[in-house]
Amino acid sequence: MILMGNKDNGSEKQYTETVEQIATNIARLSREVSVLLSGRLKKETIVILLAHQTKLPRGTISSVLDAITQLES
């Protein structure tokens, strides 16, 4: 784990690269969820399937999907 307070060049560079990779992955996830939701399956079907698999409430699943699609904006 890299601590933000560590200022030596190697650790700072590694920290920056890690943060950039996380940001890239979040943007990719947002795009992929948007593609999924605009595909052939209706959003409600996706929500039902995810809720069944995860045992989480449908409202929670729907809120998370909505939030993920807004991350890249």
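Mentor: Let us start with burial: a residue is buried under 20% relative accessible area, exposed over 50%, and partly exposed in between, with a 1.4 Å probe and protein chains only as cover. Please keep in mind that this is a predicted model, where local features need pLDDT of at least 70, side-chain atom pairs count only at pLDDT 80 or more, and totals for chains, interfaces and linings use all residues. Residues are numbered from 1 along each chain as its sequence is written, and side-chain values use heavy atoms, with hydrogens and water left out.

Trainee: Why is D66 called partly exposed?
Mentor: D66 has 32% relative accessibility.

Trainee: What makes the contact of K43 with D66 a salt bridge?
Mentor: The term asks for a side-chain nitrogen of Lys or Arg within 4 Å of a carboxyl oxygen of Asp or Glu. In K43 and D66 the closest N and O atoms are 2.4 Å apart, so the pair qualifies.

Trainee: How many salt bridges does the structure hold?
Mentor: There are three. E44 and R58 form one of them, at 3.7 Å from N to O. That pair also links distant parts of the chain, E44 being in helix α2 and R58 in helix α3, 14 residues apart. E44 is partly exposed at 43% relative accessibility, and R58 is partly exposed at 47%.

Trainee: How do you know that E17 and K13 are separated by about one helical turn?
Mentor: They are four residues apart in helix α1 (residues 9–37), and that is why the separation comes to about one turn. An α-helix has 3.6 residues a turn, so residues three or four places apart point the same way. The side chains of E17 and K13 meet in a salt bridge at 4.0 Å, N to O. As for exposure, K13 has a relative accessible area of 53%, which is over 50%, so K13 is exposed. E17, at 44%, is partly exposed.

Trainee: What makes a stretch count as a helix, and how many helices and strands are there?
Mentor: Helices (H or I, at least four residues) and strands (E, at least two) are DSSP runs, numbered from the N terminus. The protein has three helices and zero strands, and its pattern along the sequence is α-α-α.

Trainee: How does the reach of α1 compare with the expected span?
Mentor: The expected span is 1.5 Å times one less than the number of residues. With 29 residues, α1 reaches 42 Å from its first C-alpha to its last, close to the 42 Å expected.

Trainee: Why is S30 called buried?
Mentor: S30, in helix α1, has a relative accessible area of 1%, which is under 20%, so S30 is buried. Contact means heavy atoms within 4.5 Å. Not counting residues up to four places away in sequence, S30 touches I68, T69, Q70, L71 and E72. The buried residues of α1 are S11, A27, S30 and V33, and what covers them includes α3.

Trainee: What makes a set of residues a nonpolar core, and which residues form the largest one?
Mentor: A nonpolar core is a set of buried Ala, Val, Leu, Ile, Met, Phe, Trp, Tyr and Cys residues joined through side-chain atoms within 4.5 Å. The largest has seven residues: V33, I46, V47, A51, I61, L65 and I68. The elements that give two or more residues to this core are α2 and α3. In soluble globular proteins, nonpolar side chains tend to be buried together. V47 touches R58, I61, S62 and L65, again not counting residues up to four places away in sequence.

Trainee: Why is K55 called exposed?
Mentor: K55 has a relative accessible area of 65%, which is over 50%, so the label holds. K55 sits in the loop between α2 and α3. Its phi is near 65°, a positive value in a residue other than glycine.
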